[in-house]
Amino acid sequence: MTTPLSRFPVPESLDELPADIRDAILAVQEKAGFVPNVFLMLAHRPAEFRAFFAYHDALMERESDTLTKAEKEMIVVATSARNRCLYCVVAHGALVRIYSKDPLLADQVAVNHRTAPLGERHRVMLDFALHCGLEVGELTDDWEARLTAVGFTRDDIWDIGAIAAFFGLSNRLVTLTATSPNDEFYLMGRVPREG
C-alpha cells in the first residue's frame, strides 16, 4: 500500500497547474532528476507556493557575507531535527552531504550538533539558529558578541535567524500535510550519482 503524498490535494498532472508553477517544478526535476514531494504538496495553493519558494530562494540562494551553502543547510537540518521534521532533515541532509562533501555531517548535526565534530563557528551558529527557531530568538548583545567573535557579520546573523524561522514554518507545513521525503534524498551525497 502506498502512502499518500499529502493529506491535502496534490495535482494529478503538472498540466493542470499554472504555467509558472509547472515551469518551476519542471526546472527542479531537470536539476534533481525527480520532483521533490514538497513542490507537489504546495502546488494546490498557487499563491502560497509562489510566496514560499520566493522567500526560500531569497534566503537560500543569495550570496551571504560569509555563510556557505553547506552552513545554511546545516541550519536547516539542526532546526528541522529539533522540530522532528523527517522531510526536511532527509532532504536538506542530502544537501549538507553534497555541499560539505562529508557523508557523515548531516546525520551528526541532526542527532546532536553539540556532540558533532564541529568547530566553534558552527557550534555557535547552530546554537543561535536553535535559539531563533525554538526559543524567543532575541538578538542580545551577548549573542551578537558570540557570533561576531567567530566571524559572522550582522547580515550573516540575520540570515541564520531568518533561515531558522523560515524552516520552522516549512517543518510545520510538512508535518501538517504528512508529506514524506522522496526516497531519492536518502542516498544523495552518500553514493555516487549515476551519470
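Contact means that heavy atoms lie within 4.5 Å. Helices are DSSP runs of H or I with at least four residues, numbered from the N terminus.

## Basis of the report

The model is predicted, and local features need pLDDT of at least 70, side-chain atom pairs count only at pLDDT 80 or more, and totals for chains, interfaces and linings use all residues. Residues are numbered from 1 along each chain as its sequence is written, and side-chain values use heavy atoms, with hydrogens and water left out.

Helix 3 comprises the 15 residues 46-60. The expected span of a helix is 1.5 Å times one less than its number of residues. For helix 3 this gives 21 Å, and the end C-alpha atoms are 21 Å apart, in agreement with that expectation.

Residues are classed by relative accessible area: buried means under 20%, exposed over 50%, and partly exposed in between, with a 1.4 Å probe and protein chains only. The buried residues of helix 3 are F49, F52, F53, H56, L59 and M60. Seen down the axis of helix 3, these residues fall within an arc of 125°, so they line one face of the helix. The arc is that of the directions from the helix axis to the C-beta atoms. The cover over the buried residues of helix 3 includes helix 1 (19-32), helix 2 (37-42), helix 4 (69-82), helix 5 (86-100) and helix 9 (154-177).

## Helix 3 against helix 9

Helix 3 and helix 9 pack at an angle of about 145°, and their axes are 10 Å apart. Axes are lines fitted to C-alpha atoms, for helices over the stretch in contact, and angles run from 0 to 180 degrees between N-to-C directions. The crossing of helix 3 and helix 9 is left-handed. A crossing has this hand if the near helix is turned anticlockwise from the far one by less than a right angle, and it is right-handed if the turn is clockwise. On the helix 3 side, F52, Y55, H56, L59 and M60 take part, and they meet A162, I163, F166, F167, L169, S170 and L173 of helix 9.

L59, a residue of helix 3, counts as buried at 4% relative accessibility. Neighbours within four places in sequence aside, L59 is in contact with K72, A162, I163 and F166. The C-alpha atoms of L59 and W158 are separated by 9.9 Å, although the two residues are 99 residues apart along the chain.

## Helix 4 and helix 5

Helix 4 and helix 5 pack with their axes 8 Å apart, at an angle of about 155°. The two helices are therefore roughly antiparallel to each other. Angles over 145 degrees count as roughly antiparallel, under 35 as roughly parallel, 65 to 115 as roughly perpendicular and the rest as oblique. Helix 4 and helix 5 also cross in a left-handed manner. Helix 4 makes the contact through K69, A70, E73, M74, V76, V77, S80 and A81, and helix 5 through C88, V89, H92, G93, L95, V96, Y99 and S100.

S80 belongs to helix 4 and, at 0% relative accessibility, counts as buried. Residues up to four places away in sequence are not counted when S80 is said to touch C85, C88, V89 and N171.

## Helix 8

Helix 8 covers residues 141-149, and W143, E144 and L147 within it are buried. The buried residues of helix 8 pack against helix 7 (120-134) and helix 9. After helix 8 comes G151, with a positive phi near 100°.

R84 is found in the loop between helix 4 and helix 5, and at 75% relative accessibility R84 counts as exposed. K101 is placed in the loop between helix 5 and helix 6 (105-112), and K101 counts as exposed at 72% relative accessibility.

S13 lies in the segment before helix 1 and is partly exposed, with a relative accessible area of 30%. The C-alpha atoms of S13 and A78 are separated by 34 Å, and these residues are 65 residues apart along the chain.
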